[in-house]
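The following note is intended for a colleague who is new to this structure. It takes up backbone angles and charged side-chain pairs in turn.

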Amino acid sequence: ERLVEELAPARSMARHPLFQVNVTLHNTPEGAVELPGLAVRARPGEVPLAKYDLDFQVTERLDEGRPGGLQAVLVYAAALFDRATAEGIGARLVRLLRAVVADPGLRLSRAEVVDAGERRRLLAEWNDTTRPVPAATVPELFSAQAARTPEAVAVVSGGQQCSYAELEAESNRLARHLIAAGVGPQTRVAVVLDRSPELVTALLAVLKAGGAYLPVDPELPAGRIASTLADAAPAVVLTTAAAAGPLQRPESRPGPVAPRCVLLDDPAVRAAVAGQDPHTLDQTDRSAALRPEHPAYVIYTSGSTGTPKGVVVTHANVTSRRPSGLRKTTCDPNSL
């Protein structure tokens, strides 16, 4: 308390400002004070109010001067843990201590912390998630959903709303425009757009054309954009005049082979897209058949542990998340 008072750190009243778990080992010899007419013995005090989330008080016992074991008390914050959870934590600690006492050479990584029942629940019961998934692509599932609920709201952005029927038609038009530009199965298409309904339309259009979209945030540093585009080597970049600004900087240019840039707000592109057929595409509309094992999108890691790495996600990976089809479309590039 004195340290906290002196340092006066910015703190939340929901937790201790310095640490949340405390372990104290009481191993001082138990002494007795003998005075004329007075005998003094140590007695445990009442359990105090919890100062930390978890507070382990471990006391070493002696039996006629020899080690007599350890006694531990766990004080827990009742606002965070119920009694059963706290007892479970204590039981796991005892199990761990018994294991290392029985085998001092045991690696901690190999020590068994959970019991057989808990292991069965974790690995078998809770992990029993096998279920049938549709052998379909994302465009097929989205078009089926649009046919079932054409007037339902598919996208909400601020005061704007777009129905499934409207999104289906707009993405079909743009998809046909992309097919004419050479996009097909396994073609990578970078989508450099701010979050908006147009972003969702563009992502769906790439999928319907058969391509794999690469979402690129135009707010990223130019160097990060350049490295992503150079590594992914998209054939086409979908963007707008405003969002394409970072792509014009020398440090963000992808390399000797520049992808084709399609400005979605260019009047000529708008006119070309508007003239396309709004009806649902089938396999004959694409340059090749689109299959569930084809890539749906490429996403890059943050790079916090090194150079960002691209991860290819297939249509089968996406459709297995929603076995009954796509029920919600948002402006998150990876939630389709």
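1. This is a predicted model, in which local features need pLDDT of at least 70, side-chain atom pairs count only at pLDDT 80 or more, and totals for chains, interfaces and linings use all residues. Residues are numbered from 1 along each chain as its sequence is written, and side-chain values use heavy atoms, with hydrogens and water left out.

2. Ala-233, although not a glycine, has a positive phi of about 50 degrees. Ala-233 sits in the loop between helix 7 (222-232) and strand 10 (236-239); helices (H or I, at least four residues) and strands (E, at least two) are DSSP runs, numbered from the N terminus. With 44% relative accessibility, Ala-233 is partly exposed (buried means under 20% relative accessible area, exposed over 50%, partly exposed in between; 1.4 Å probe, protein chains only).

3. Gln-186 is likewise not a glycine and has a positive phi, of about 70 degrees. Gln-186 belongs to the loop between helix 5 (164-180) and strand 8 (188-192), and is exposed at 51% relative accessibility.

4. The structure contains 11 salt bridges, each a side-chain nitrogen of Lys or Arg within 4 Å of a carboxyl oxygen of Asp or Glu. One of them joins Arg-83 and Glu-87 (2.9 Å, N to O). Both residues lie in helix 2 (residues 83-102), four residues apart, about one turn of the helix.

5. Another salt bridge joins Arg-92 and Glu-118 (2.6 Å, N to O). This pair links distant parts of the chain, helix 2 and helix 3 (residues 116-125), 26 residues apart. Arg-92 is partly exposed at 27%, whereas Glu-118 is buried at 16%.
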